[in-house]
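Here is a friendly walk through one protein chain, written for someone who would like to look at the side chains as well as the fold. Please keep the viewer open while you read.

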Amino acid sequence: KENRIAVFSYLFQEGVCVVKKDSKPATHPHIEGPSNLEVLMLMKSLQSKGYVRITFSWQYNYCYLTDEGIEYLRSYLALPPEIVPATHKKSTMRPEGRDREEDKFQGDGRPAFRDNRGGGWLRT
């Protein structure tokens, strides 16, 4: 029971869960307590009920919480409606390292990485 609560609270907090398709590890790398097999089986159970969408790639299950899953976990964990998963929170900051759109183009509408000499081909 405490393992189920640990898995459900982690899934609700993050909104996603990555589970390797491997039954050998004694613990899940991100969740304290349950084994990797327990987490995998809980995710499959939630998927059969429509609470989680699973994408499988390169021996990893990527589990995404659906809207129905959010409501189910909110009632199971007795959480108020103000608390939402991290994947549903609005981010107001811009990602670092991205240029603003107006900085990308110079005055003549050409990308900034080009010079003003007129192009690559020599015209004679």
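Is Phe 8 buried or exposed? Phe 8 is buried, with a relative accessible area of 2%; buried means under 20% relative accessible area, exposed over 50%, and partly exposed in between, with a 1.4 Å probe and protein chains only.

A word on the ground rules before going further. The model is predicted, so local features need pLDDT of at least 70 and side-chain atom pairs count only at pLDDT 80 or more, while totals for chains, interfaces and linings use all residues. Residues are numbered from 1 along each chain as its sequence is written, and side-chain values use heavy atoms, with hydrogens and water left out.

**The overall fold**

The protein has four helices and three strands. Helices (H or I, at least four residues) and strands (E, at least two) are DSSP runs, numbered from the N terminus. Along the sequence, their pattern reads α-β-α-β-β-α-α. Of the 124 residues in the protein, 25% are buried. Contact here means heavy atoms within 4.5 Å. Among the contacts with a separation of 6 or more, 46% are between residues 24 or more positions apart. The accessible surface comes to about 9500 Å², and carbon and sulfur atoms hold 52% of that surface; accessible areas come from the Shrake-Rupley method with a 1.4 Å probe, and for residues only the protein chains shown count as cover.

**An aromatic cluster**

A pair of aromatic rings is described by the distance of the centres and the angle of the planes. Rings of Phe, Tyr and Trp (its six-membered ring) pair if their centres lie within 6.5 Å; planes under 30 degrees apart count as stacked, over 60 as edge-to-face and the rest as tilted. The count by this rule is four aromatic pairs. Two of them are set out here.

| Pair | Centre to centre | Angle between planes | Type |
|---|---|---|---|
| Phe 8 and Tyr 72 | 6.4 Å | 75° | edge-to-face |
| Tyr 51 and Tyr 72 | 4.5 Å | 10° | stacked |

The pair of Phe 8 and Tyr 72 links distant parts of the chain: Phe 8 belongs to helix α1 (residues 2-14) and Tyr 72 to helix α3 (residues 67-76), 64 residues apart. Tyr 72 is partly exposed, at 22% relative accessibility. Ring pairs join Phe 8, Tyr 51, Tyr 72 and Tyr 76 into a cluster.

Which residues of α3 are buried? They are Gly 69, Ile 70, Leu 73 and Arg 74. Why do they lie on the same side of α3? They cover an arc of only 135° around the axis, which puts them on that same side; the arc is that of the directions from the helix axis to the C-beta atoms. These buried residues pack against α1 and β3 (60-65).

One salt bridge is counted, where a side-chain nitrogen of Lys or Arg lies within 4 Å of a carboxyl oxygen of Asp or Glu. The side chains of Glu 71 and Arg 74 form this salt bridge, at 3.2 Å from N to O. Both residues lie in helix α3, three residues apart, about one turn of the helix. An α-helix has 3.6 residues a turn, so residues three or four places apart point the same way. Glu 71 is partly exposed, with a relative accessible area of 48%, whereas Arg 74 is buried at 11%. Just after α3, Ala 78 takes a positive phi of about 55°.

Val 19 is in strand β1 (residues 16-20) and is buried, with a relative accessible area of 0%. Leaving aside neighbours within four places in sequence, Val 19 is in contact with residues including His 28, Val 39, Met 43 and Asn 61. Val 19 and Met 43 are 24 residues apart in sequence and 8.7 Å apart in space, C-alpha to C-alpha.

Asn 61 lies in strand β3 and is buried at 9% relative accessibility. With neighbours within four places in sequence set aside, the contacts of Asn 61 include Cys 17, Val 19, Leu 40 and Phe 56.
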